[in-house]
Amino acid sequence: MTTLSPENSLSARWSASFILVKRKPPIDKTEWDAFFDENGLLAKSRDSICVNILERGLHPFVRTEAWKFLTGYYSWQSSQDERLTVDSTRRKNYEALCEMYEKIQPLLENLHRNFMKTRNNIAYDIQKLYDKDHLGNVLIDKKRLEKILLLSYVCNTQAEYQQGFHEMVMLFQLMVEHDHETFWLFQFFLQKTEHSCVINIGVGKNLDMLNDLIDFLDPVFAEHLRGKGAGTVRSLFPWFCFCFQRAFKSFEDVWRLWEVLLTGKPCRNFQVLVAYSMLQMVREQVLQESMTRDDIILACNNLIDLDADVLISAACLIYAELIQRDLLPPQGDCTARGHGPRPWFPVSLPVDQAQY
């Protein structure tokens, strides 16, 4: 791959991305089942499965089971019998949490001011959700959704409720059948993505990395954005808080990106490359038009109805460009020897992630 300069590489990257998205069909039920032996043990490497998910995606019929592995709900080393036990245990634990919540709810209402505020915020957010499809069929149960969000808030001391969580849980409720599955998948999803989408844990770090990435790959654009105000890029925090879900044309596209982020492929912090690719979509408009900081933010927020495969391909090309510039090793820890000093942008897959 020829190294591309920031000024002349945009059209080339996007032309290539449209070629890359002509992928093979997604992994279907027959192929997924073939990944396991007669005892339900994994017969194919986790790494190769994750690469396949990155390149091809998952058929809706296998997504629920595959996500249980990707999030950590199931261990990749488990047998079929062990997974049945895990499901039973998670159901019982969820029921126990519900019973606990019922007992302490009066105490929370009387003594915990933040609980009342959060409960009101959750109720308000859920009421704004459009819960029907284009034919008028009800898609979600708002009462069940509210219960799961409240329980998650009470049980999770690190990732406090933030706007956008209600939409995330809705997507899990659409994916699975039972409330305990929705609850636990959401908890595991937060654990895997907390360094990208949780405000008080990782969003600020992602914005810092995005700023660094723009500085290095596109210094002309970086200087232009700085001229519009120091907080221009930091105002894009909703992209990370909502895990990009509002940018896509369908739930399928959201699930497609999320399952790629869960694989850890092609690198750690891939969400920052996704954000950079989205920003490149408005680059020419921002440079050519006399846009204020608010206009730039509005243009970014107007990036909707995107195709997940196009965006993933564009972000993969950015990663390939970083590899080509020898800024990071293609695999392993980003502090690996033989690649000069520690790379400025930590996007390589750490060795310990392979243990999930």
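What share of the 356 residues of the protein chain count as buried? In this chain 52% of the residues count as buried, where buried means under 20% relative accessible area, exposed over 50%, and partly exposed in between, with a 1.4 Å probe and protein chains only. The model is predicted, so that local features need pLDDT of at least 70 and side-chain atom pairs count only at pLDDT 80 or more, while totals for chains, interfaces and linings use all residues. Residues are numbered from 1 along each chain as its sequence is written, and side-chain values use heavy atoms, with hydrogens and water left out.

The protein chain has 17 helices and 0 strands, which are DSSP runs (H or I, at least four residues, for helices; E, at least two, for strands) numbered from the N terminus.

The largest nonpolar core holds 105 residues, of which Trp 67, Trp 258 and Phe 270 touch the most other members; such a core is a set of buried Ala, Val, Leu, Ile, Met, Phe, Trp, Tyr and Cys residues joined through side-chain atoms within 4.5 Å. Leaving aside residues up to four places away in sequence, Trp 258 touches residues including Trp 67, Met 168 and Phe 242, a contact being heavy atoms within 4.5 Å.

A search of the whole structure finds 0 disulfides, a disulfide being a pair of cysteine sulfur atoms within 2.5 Å. Cys 267 is in no disulfide, and the nearest cysteine sulfur, that of Cys 316, lies 7.9 Å away.

| Residue | Relative accessible area | State |
|---|---|---|
| Cys 50 | 0% | buried |
| Cys 267 | 2% | buried |
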